[in-house]
Amino acid sequence: MSRVPFYLRDRLEALNERVLAERFEASKLPTWERVLLTWFTLLAFWVVITSSLEPASVVSGAVVTLIVALFMRDLLTEDIRRSGHIAEKILYFALIYLPQYLVIMAFRLLESNLKVAKNVIFMDIKPGIVKVKTDLHSDTGVTILANSITLTPGTLTLDVKKKLGETYLYVHWIEVETLNREKAGEKIKGDIEEWLKKVFW
């Protein structure tokens, strides 16, 4: 058997990885924005865990978290999509994106709880495992999507696979409503993926 198809597949995978890496590097935030976002997040966490707004506590927390942010800036912000000014990003996230996510999840939890209750009462269960494609590429975005699906009653993310630059989730579904992969993906992911694409690449 010829080894050409295997060679071409390897070359294609390497090319896809290189294109993704270049797109990822181009979409990264500037260094100062990564430091500022990390500092802001750590300082907010400091205020929460110390439960104190006294000047001495806030100033010492600001200094400590700034030092930490200078060294650890990539851990929290590496997957955040580059778009607009940093102040605009923070305001959009705090006032629009975060409330949007909470509302979406609240409705999905309510709807899924009612569906699962109906399935249990009428013993109408058709379990199965479906393969769902996601347009997200960042590890953080895929992790949040997988955890959001798992939090929703009736669905459980079993595995995540990346192949040829595409990402797939394997989801256990308590009631498989369709065998069409795209329609199943729309039902399982809902609006969560579209929300995540606004923040993560």
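Buried, in these notes, means under 20% relative accessible area, exposed means over 50%, and partly exposed is in between (1.4 Å probe, protein chains only). I am working on a predicted model, where local features need pLDDT of at least 70, side-chain atom pairs count only at pLDDT 80 or more, and totals for chains, interfaces and linings use all residues. Residues are numbered from 1 along each chain as its sequence is written, and side-chain values use heavy atoms, with hydrogens and water left out.

**Helix 7.** Helices (H or I, at least four residues) and strands (E, at least two) are DSSP runs, numbered from the N terminus. Ile192, Glu193, Trp195, Leu196 and Val199 are buried in helix 7. Why do they line one face? Seen down the axis of helix 7, the buried residues fall within an arc of 160 degrees, so one face is lined by them. The arc is taken from the directions from the helix axis to the C-beta atoms.

**Overall layout.** I count seven helices and three strands in the protein chain, in the order α-α-α-α-β-α-β-β-α-α. Of its 201 residues, 32% are buried. The chain exposes about 13,000 Å², with 65% of that supplied by carbon and sulfur atoms; the areas come from the Shrake-Rupley method with a 1.4 Å probe, and for residues only the protein chains shown count as cover. I also looked at contacts (heavy atoms within 4.5 Å). Among those with a separation of 6 or more, 74% join residues 24 or more positions apart.

**Core.** The largest nonpolar core has 21 residues, and Val130, Leu145, Val171, Ile188, Ile192 and Leu196 have the most contacts inside it. Helix 4 (86-122), strand 1, helix 5 (139-151), strand 3, helix 6 (181-189) and helix 7 (192-199) each give at least two residues to this core. Such a core is a set of buried Ala, Val, Leu, Ile, Met, Phe, Trp, Tyr and Cys residues joined through side-chain atoms within 4.5 Å. I then followed valine 171. Leaving out neighbours within four places in sequence, valine 171 touches Gly128, Ile129, Val130, Val132, Ile149, Thr155, Leu156, Thr157 and Ile188.

**Strands 1 and 3.** Strand 1 (residues 128-134) pairs antiparallel with strand 3 (residues 166-173) over seven bridges; pairing takes at least two DSSP bridges between the strands. Lysine 131 has tyrosine 170 of strand 3 as its bridge partner. The covered face of strand 1 holds Gly128, Val130, Val132 and Thr134, while Ile129, Lys131 and Lys133 are on the uncovered one.

**Annotated spans.** An unreviewed UniProt entry labels residues 31-49, 55-72 and 92-110 "transmembrane region". I note that such annotations may be inferred rather than shown by experiment, that feature names are shortened, and that positions are in the numbering used here. Residues 55-72 are 100% helix and 0% strand, with end C-alpha atoms 25 Å apart. For residues 92-110 I get 100% helix, 0% strand and 26 Å between the end C-alpha atoms.

**Threonine 65.** Is threonine 65 buried or exposed? Threonine 65 is in helix 3 (residues 55-77) and is buried, at 5% relative accessibility. Beyond residues up to four places away in sequence, threonine 65 touches Trp39, Leu42, Leu43 and Trp46.

**Positive phi.** Most residues other than glycine have a negative phi. Serine 51 has a positive phi near 50 degrees, sits in the loop between helix 2 (31-50) and helix 3, and is exposed at 66%. Methionine 123 has a positive phi of about 50 degrees; methionine 123 is in the loop between helix 4 and strand 1 and is exposed at 66% relative accessibility.
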